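Here are my notes on the model, point by point. Please read them with the structure open.

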Amino acid sequence: MNSVRFAFKGEWYEKDDKAFFRWLDENIKWARDAGIYLVLDLHVPIGGFWLDPTSDKVDFRLWSEPAIQQRNLRMWAAIASRYRNEPVIAAYDVLNEPVTSDKDGTQWRVFAQRLVDEIRAVDRNHMIIIGKIYGTDRSYSTAGIESQFLVADNNVMYDFHFYEPIHYTHQYAAWLPRPIQEGGVYPDETVLIPTGHQRYITSLTQVSPHRFDLKASWQKFSLAPLTIQNPKIKMGLPVFQVKGSTAGIVFFDNIEITASNLRGLSETVVNEPLSKLTVWDWWGWNNPHVGRNGLFERVVDDGVEDSYSLSIAGVRGAEGYSGWSSDMYWFQVKQGYTYSMTGYLKATDPDAMAYFDIAFYGDSPDSDEKSFLSRNREYLEWEFMKLYQFGIEHNVPMSVMEFGLTHECFTRGGENWVEDVLDIFLEHNVSFAYWDYHSDRMGVYFKDSEKPPGNPNLALIKAFQGKLKQ
């Protein structure tokens with residue numbers, strides 16, 4: 001590797017700008033002596049912190065307070081002015097993983113252009129790196145919006161980070177809002193992941209009339225189990241639905257799906273008690289033939305175990321139907337297994353046609369794309385191309401300024417994942433940076449105060465050496 005993505009916090013500059021520049025000058029000298037470049041990365045901006053949603057320091061003031069935006073602009077202007085003629089600096093990575101407080105990411109699109117303009121006022125030399133939108137509405141989710149965009153400048157590299165599949169790469173990562181435990185191995189041909197279009201085959205239940213007890217806060221329902229004996233069925237997906245004209249509002253919460261084999265042994269394949277963070281994993285949809293119909297709300301003041309749930313209102317007409325789904329809860333179906341589902345509903349209309357369900361899917365015969373891919377290099381390239389395609393369409397350079405694995409992955413094939421990802425990056429000629437060099441969570445070196453830089457992750461280093469040797 002020939003460069004370091006050099007992360008810093010905006011508060012370091014504000015606390016003592018003279019000490020900040022002395023520190024940065026020293027690192028530039030070290031980089032020059034070592035023959036490598038630095039990519040300056042504003043990892044935590046002034047007035048903004050969303051990298052750890054579980055922290056009590058979460059801060060989104062950057063997006064709503066013009067004075068804080070101006071402080072970040074002044075900082076980048078000072079950095080760019082000081083280093084405008086410094087060849088050791090390869091680029092300015094102006095903001096790491098932006099998560100906005102609005103609903104469509106406009107705040108980052110506008111502020112990104114302001115940052116570019118501020119830097120260009122004093123530095124026409126250096127490349128600028130602009131990352132995609134990583135989340136909106138104060139959450140790491142971009143469902144329903146276009147996360148990539150262009151700025152008005154001809155010396156920009158467009159960036160995205162690559163940690164797919166995150167249930168594998170982030171095993172035991174405590175900083176996630178929903179920490180992942182065992183995440184499997186790589187590669188694993190037995191794990192199917194939905195990719196292209198899928199063909200709907202059947203469901204666990206059909207709509208059947210029932211009356212809601214309006215005096216009950218929540219009612220628990222159980223669906224009749226279904227044994228899968230159709231080899232075309234490969235995956236299942238939980239859904240919430242309201243069908244036909246429904247007066248009032250229907251609420252959904254706390255679903256669980258279990259699978260039982262012929263010997264009666266059961267396992268839970270989906271357990272979703274909707275929470276403050278997981279309600280954002282779900283997206284609402286309507287019958288495409290009747291246009292806009294249902295009104296969707298992520299409820300923040302009513303739930304079974306907490307105050308969070310999902311609701312649908314306003315469904316009209318005999319052909320009207322609306323629902324909630326989430327790509328986070330696909331699960332692989334096993335032939336001969338019996339699937340059952342429980343969940344909680346309540347409604348303000350006793351005759352509401354509302355239910356939860358499992359939709360079962362197989363391969364689509366009408367699509368050129370594969371409906372499902374195994375956890376292997378083909379899947380990684382499919383995920384990569386979803387974002388890299390932006391560079392092809394707009395004829396702009398792309399980069400991946402973060403990719404990596406938790407240390408636990410290296411007992412589960414982590415070096416295989418690294419080698420496949422590096423092959424993809426090299427084949428498509430993108431710049432890349434591994435996260436990170438020195439830490440107990442994802443570093444090339446484990447921390448060790450007695451032996452700096454620490455204990456090496458030998459499997460990772462071997463993977464780098466095999467792919468990056470000259």
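1. The second largest pocket holds about 360 Å³ of space. Bear in mind that this is a predicted model. The pocket has a lining of 15 residues. Nearest its centre lie K103, D137, A143, W280 and R298.

2. Three cavities of 30 Å³ or more are present in the structure. The largest cavity has a volume of about 40 Å³. Its lining consists of I130, G131, K132, Q148, F149, Y158, D159 and F390.

3. Two strands, β4 (127–131) and β5 (156–159), each supply at least two residues of the largest cavity's lining. Four residues of that lining are nonpolar, two are polar and two are charged.

4. Now the helix pair. Helix α6 spans residues 377–394 and helix α7 spans residues 414–428. Their axes come within 10 Å and cross at roughly 40°. The two helices are therefore oblique to each other. The crossing of α6 and α7 is right-handed.

5. Which residues make the contact between α6 and α7? From α6 come R377, L380, E381, F384, M385 and Y388. From α7 come W417, D420, V421, D423, I424, F425, E427 and H428. Sorted by class, the residues of this contact are eight nonpolar, one polar and five charged.

Key. Residues numbered from 1 in each chain as written. Predicted model: local features only at pLDDT ≥ 70, side-chain atom pairs only at ≥ 80, totals over all residues. Heavy atoms only, no water. 1 Å grid on protein atoms, 1.4 Å probe; cavity = no way out; pocket = protein on both sides within 12 Å on 5 of 7 lines; lining within 4 Å. Points joined across faces, edges and corners; volume = space filled by probe spheres on them. Axes fitted to C-alpha atoms, helices over the stretch in contact; angles between N-to-C directions. Helix = DSSP H or I, 4+ residues; strand = E, 2+ residues; numbered from the N terminus. Parallel < 35°, antiparallel > 145°, perpendicular 65-115°, else oblique. Left-handed = near helix turned anticlockwise from the far one by under 90°. Contact = heavy atoms within 4.5 Å. Nonpolar A, V, L, I, M, F, W, Y, C, P; charged D, E, K, R; others polar.
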